[in-house]
Amino acid sequence: MCNSIHDPRLHTLCQNFIQSHGILFQRTAAARKNHHARRGGLVEHVAQMMRSAKAISTVYTDLNLDLLIAGILFHDCGKMWENTYPETGFAQPYDIQGEMLGHIPLGIDLCGRLWSAMMTDAPDDWNELFPLSEDVRIHLLHLIASHHGTYEFGSPTLPRTPEAIALHYIDNLDARYEMFKQGYNAAPELAPGIQQKQFPLPANLVAPLAHFPEQPHSPAPTSPDAQTPTSAPKKTSTPAEEPELEDELQAKPFTGELF
């Protein structure tokens with residue numbers, strides 16, 4: 001996804017981040033307990049957010065997808081000092097920087113330093129690019145600063161651009177979806193189809209509706225004057241093409257699998 005970024009500044013910045021911090025990033029969790037709280041959880045969270053961003057950009061076509069993808073990569077990068085794991089082991093230690101500053105200021109600082117280092121050796125023709133490099137920088141930092149959406153949840157500023165509000169809701173959606181997934185797998189059952197509330201979700205969990213089985217498409221209706229071919233062979237389906245309806249209707253408990 002980062003390779004698909006067209007803006008050479010954002011493309012280079014993302015590649016520099018992956019080269020310099022990729023190993024640490026790979027073993028970082030997205031949280032301590034609420035969602036993706038496991039070794040590698042941040043990569044899962046970021047990758048799924050990027051897929052979501054690419055999908056909604058086909059509907060909201062004015063979104064700057066280059067900026068949004070870069071913002072998603074960097075939005076939680078400060079968690080490398082909050083929720084990372086050692087090279088060996090599966091317990092998250094505590095880091096003084098993560099405790100004293102938190103991942104949003106740390107992410108802004110890291111992204112800013114990487115940007116400054118990149119611009120020191122930037123090609124001269126980047127000065128002619130539009131939008132201007134300084135505008136790109138401040139918009140990217142804004143995505144990191146505002147991604148929690150509100151002051152009470154730790155954002156030092158509120159989302160002020162379409163990309164910022166999109167990133168906030170994509171982040172929240174993926175986190176909540178993961179919480180549902182964990183809840184369905186672990187929450188005690190209170191009654192058939194109802195499971196106990198799991199913090200921070202707002203209420204007891206109810207099993208989602210099963211998917212309606214796909215049916216073969218019916219032929220389009222024809223007018224009374226239409227001639228019906230008599231020589232066309234009638235298509236027959238093999239058992240592999242027509243699954244047993246009874247099997248299709250056997251609803252299984254939701255596992256939370258995304259893929």
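Select H45, Q48, M49, S52, A53 and I56 in α2, then A166, L167, I170, D171, D174 and A175 in α7: these two sets meet. Contact here means heavy atoms within 4.5 Å. Helices (H or I, at least four residues) and strands (E, at least two) are DSSP runs, numbered from the N terminus. The residues of this α2 and α7 contact divide into seven nonpolar, three polar and two charged. In that count Ala, Val, Leu, Ile, Met, Phe, Trp, Tyr, Cys and Pro are nonpolar, Asp, Glu, Lys and Arg are charged, and the others, Gly among them, are polar.

This is a predicted model, in which local features need pLDDT of at least 70 and side-chain atom pairs count only at pLDDT 80 or more, while totals for chains, interfaces and linings use all residues. Residues are numbered from 1 along each chain as its sequence is written, and side-chain values use heavy atoms, with hydrogens and water left out.

**How the helices cross**

Two packed helices are described by the angle between their axes and the distance between the axes. Stay on α2 and α7: their axes come within 10 Å and cross at roughly 125°. Axes are lines fitted to C-alpha atoms, for helices over the stretch in contact, and angles run from 0 to 180 degrees between N-to-C directions. α2 and α7 are therefore oblique to each other. Angles under 35 degrees count as roughly parallel, over 145 as roughly antiparallel, 65 to 115 as roughly perpendicular and the rest as oblique. α2 passes α7 in a right-handed crossing, where right-handed means that the near helix is turned clockwise from the far one by less than a right angle, and left-handed anticlockwise.

Which residues of α3 meet α7? They are L67, L68, G71, I72 and H75, and on the α7 side the partners are E163, A166, L167, I170 and D171. The α3 and α7 axes are 10 Å apart, at an angle of about 50°, which makes α3 oblique to α7. The crossing of α3 and α7 is right-handed.

**The nonpolar cores**

Next, select L10, L13, F17, L68, I72, L73 and F74, the residues with the most contacts inside the largest nonpolar core, which has 41 residues. A nonpolar core is a set of buried Ala, Val, Leu, Ile, Met, Phe, Trp, Tyr and Cys residues joined through side-chain atoms within 4.5 Å. Buried means under 20% relative accessible area, exposed over 50%, and partly exposed in between (1.4 Å probe, protein chains only). Two or more residues of this core come from each of α1 (8-26), α2 (41-56), α3 (65-75), α5 (103-120), α6 (133-146) and α7 (162-186). α3 gives the most, with seven residues.

Apart from this core lies another, of six residues, including A175, M179, Y184 and L201.

Return to I72 and show its surroundings: I72 touches V46, M49, M50, A53 and L167, not counting residues up to four places away in sequence.

Go to C2, in the segment before α1. C2 counts as buried, at 9% relative accessibility. Beyond its neighbours within four places in sequence, C2 is in contact with H11, C14, Q15, I18, M50 and L73. Is N83 buried or exposed? N83 is buried, with a relative accessible area of 5%. Its contacts, leaving out residues up to four places away in sequence, are T28, A29, A30, A31, R32 and Q92.

Most residues other than glycine have a negative phi, and most peptide bonds are trans. Select F130 and P131: the peptide bond from F130 to P131 is cis, with omega near 0°. P131 sits in the loop between α5 and α6. A cis peptide bond also joins F199 and P200, with omega about 5°, and P200 is in the loop between β2 (194-195) and β3 (205-206).

P105 is in helix α5. P105 is partly exposed, with a relative accessible area of 41%.

**The whole chain**

Zoom out to finish. The chain has eight helices and three strands, in the order α-α-α-α-α-α-α-β-β-β-α from the N terminus. Of its 259 residues, 37% count as buried.
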